[in-house]
Every structure is written in C-alpha cells, then in structure tokens.
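Let's take a friendly walk through a protein together. Have the sequence and the 3D view ready, and follow along one stop at a time.

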Amino acid sequence: MLLKENIPVSYVFGKIKKEVLMVAVYAITVYCIHQYYNFKDVSIPLTVPTILGTIISLLLAFRSNQAYDRWWEARILWGGIVNDCRTFARQILTFVDSSHDGEQKWALKERIIRRQMAWCYSLSCHLRGQNAKDNLEAYLTDDDVKNIKKLDHIPLAINELQGHDLRTLYKLGWINEYQQVTLDNTLTNFMNLMGGCERIKNTVFPVTYSVYIHWLVMFFVLLLPFSLMEFFGIFQVPLVIAISSAFFLIEKMAIHLQDPFENKPTDTPTTTISRTIEKNLKQMMKDELPHDIDAVISKQPQKQTQFYIL
C-alpha cells in the first residue's frame, strides 16, 4: 500500500498515460480537421457536455463512495484482527498459570501465540492470491507445517489447530471451562473476520456498472473538443486533456479501491498490519516469559515439546 504522504506525480499520471495520449491525439486531430478541412460549422453547444459531465460526476461520486466503502470495511476487519490477536495473546498468557509445570506450559503458550502470528501472514497471502504456505516455518512447529501443507485453506487449518490446543489446555486442567469458552469465542471472532474479508474478496463489483460509466466518460471526451473549439481554438487541446484527466483519475481511483486484496499499492496494508501484530505479540511474550523469547522466535527449536490431544 502507498504509505507516503507525497505521492509522486509520475505514479498518479502513469495510471492514465494511455488515455491521456489518446485524448491528446484526438483533440489535435479535431483541431486540424476543424481548421484545415472547412469543418468550422461543426460545433456542439457547450451545454451538452456540461449536462453530461454533471451526470457523470454524480455517477462517479457514487461509484467512488461504494469502492471506498469496500476498502474501509476491509480495513475495519483487519483492525478487528489486530485487537483480537492482542486479546487472544493476553488470554493465553494470563489464563494459563505457569507456577507448576512451567517449562511445558511456557512451550505451549509460545506455540499457540507464534501460530497466531502465522495465521495473520497466511490470511494476508490467502486473500491476495499468493502462496499462503510460504515462510511459515519461522512460526510453526515441524508437525504443524506437515499437517497444514497438505491442505488448501491454510488460515482455516491454523485456526483449527488452535482449537485443538485449547482443548488440550482444558483436558490437562490448565484452564477451566469458562476460560476455554472465552478463548473459543476469540477463535470464533477470527473466523468471522476472515469470512468478512473473503466476502469482500469474492464479491465482484458489478461489471456492467463500471462499463456503462466508462462509456459515458468516453462519450463525454469525444464531445468536448467540438464544444470548446469555438471559444478556445488550439487552447482547447490542453483544456480537453486536463478535464478528461480528472474524470479518468476518479474512475481509476474507484477501480483500485473496490478490490482491497489484489496486492496493489492501494490495497489494505495487510502485510504491514501483520508485522505490527507480530511485534505486539512478541512484546507481550517478552514481558511474560522468563527467558529470552527473541532467541526462541528467531529460530526453530531443535527439540519441540510434544502435547497430545486428549
């Protein structure tokens, strides 16, 4: 996602350079025909493109609002993921008392929290159509990696593994039934948030609506030189380019915002958010755990403490 305050002009106009070039050639051609081929009587009243431009502006405004609503809803969902990940880590760290069998409990806490980091990254890749199985070894145990790599929906598989470990915590008596229900509700929230993101991803913006607006914009641009020629002469060329560029930019903006999970600069910054979650969870673990958690997280332990689902 674009995170800079000052977006380069080259990037902005690079999105419409083909359209601007075609409009410039068209406006110059209309001027030459008008001047050198005695088509001076061919003129369109200025009120025609004015009315048409007003109608298109309303349609573009509505389309932009709908596209922004999709982008903003995606950002709200990922904001919920941030909050629930912090809550889930806090619950794991505080519900499980490590005064007895501390080493095994610390190991299981780390495994669950690191798995939650992997869930965020895998969901980001899953929504963007990337390989959600990449780079999970840094967060998951060898057994977890072997289990999920056989499956297609990696975030769903990771969430299921979390549920199994919650059952293990309860069967071992390390959490009570009320704490298990609370933790399970947090996992359910993760499922709901993931489903909301997939709904946005899989719900295509109506193609006919986009096509009709594009046709209207092109028709407006075709009429514009004939209306401005009488008043501005050769200077209608830069005016046509400037006016048409504004319409093209708004149209492109709406197209980019309507799909917030397409791995484009205008996407919801899921990777950056996942890094923030990882940083926050590591901080919570460092404050809670009695040993050097950075060394544990930076590399896979040689020997994993095994827990069996009862």
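## Glu 19 and its helix

Glu 19 lies in helix H2. Is Glu 19 buried or exposed? In this predicted model, Glu 19 has a relative accessible area of 19%. Buried means under 20%, so Glu 19 counts as buried.

Now look for the partners of Glu 19. If you leave aside neighbours within four places in sequence, Glu 19 is in contact with Phe 248 and Lys 252. Both of these partners are on the H9 side of the contact between H2 and H9, which is our next stop.

## How H2 meets H9

Two packed helices are described by the angle between their axes and the distance between the axes. For helix H2 (residues 17-36) and helix H9 (residues 236-257), the axes come within 9 Å and cross at roughly 150 degrees. An angle over 145 degrees counts as roughly antiparallel, which means that H2 is roughly antiparallel to H9. The crossing of H2 past H9 is right-handed.

Which residues make this contact? From H2 come Glu 19, Val 20, Val 23, Ala 24, Ala 27, Ile 28 and Tyr 31. H9 brings Gln 236, Val 237, Val 240, Ile 241, Ser 244, Ser 245, Phe 248 and Lys 252.

H3 passes H7 in a left-handed crossing, whereas H2 passes H9 in a right-handed one.

## The whole protein

The protein has 11 helices and 0 strands. Of its 310 residues, 43% count as buried. The accessible surface comes to about 16900 Å², and 59% of that belongs to carbon and sulfur atoms.

How do parts that are apart in the sequence meet? Take the contacts with a separation of 6 or more: residues 24 or more positions apart account for 79% of them.

How many residues does the largest nonpolar core have? There are 48, and those with the most contacts inside this core are Ile 81 and Leu 169. Two or more residues each come from helix H3 (47-95), helix H4 (102-127), helix H5 (142-148), helix H6 (154-171), helix H7 (177-202) and helix H10 (270-288). H4 gives the largest share, 11 residues.

You can trace the surroundings of Ile 81 for yourself. Not counting residues up to four places away in sequence, Ile 81 touches Trp 119, Cys 120, Leu 123, Phe 190, Leu 193 and Ile 277. There is also a second, separate core of 19 residues, which includes Ile 44, Val 217, Leu 223 and Val 240. Val 240 is one of the H9 residues in the contact with H2.

## Stops in the loops

The loop between H4 and H5 holds Thr 141 and also Asn 135. Thr 141 is buried, with a relative accessible area of 9%, whereas Asn 135 is exposed at 62%. Thr 141 and Arg 115 are 26 residues apart in sequence, and their C-alpha atoms are 8.6 Å apart in space.

Asn 135 has a phi near 60 degrees, a positive value in a residue other than glycine. Asn 263 also has a positive phi, about 60 degrees, although it is not a glycine. You will find Asn 263 in the loop between H9 and H10, where Asn 263 is partly exposed with a relative accessible area of 45%.

Conventions. Residues numbered from 1 in each chain as written. Predicted model: local features only at pLDDT ≥ 70, side-chain atom pairs only at ≥ 80, totals over all residues. Heavy atoms only, no water. Core = buried A, V, L, I, M, F, W, Y, C linked by side-chain atoms within 4.5 Å. Buried < 20%, exposed > 50% of the residue type's maximum accessible area, 1.4 Å probe, protein only. Helix = DSSP H or I, 4+ residues; strand = E, 2+ residues; numbered from the N terminus. Contact = heavy atoms within 4.5 Å. Areas by Shrake-Rupley, 256 points an atom, 1.4 Å probe, with all protein chains shown as cover. Left-handed = near helix turned anticlockwise from the far one by under 90°. Axes fitted to C-alpha atoms, helices over the stretch in contact; angles between N-to-C directions. Parallel < 35°, antiparallel > 145°, perpendicular 65-115°, else oblique.
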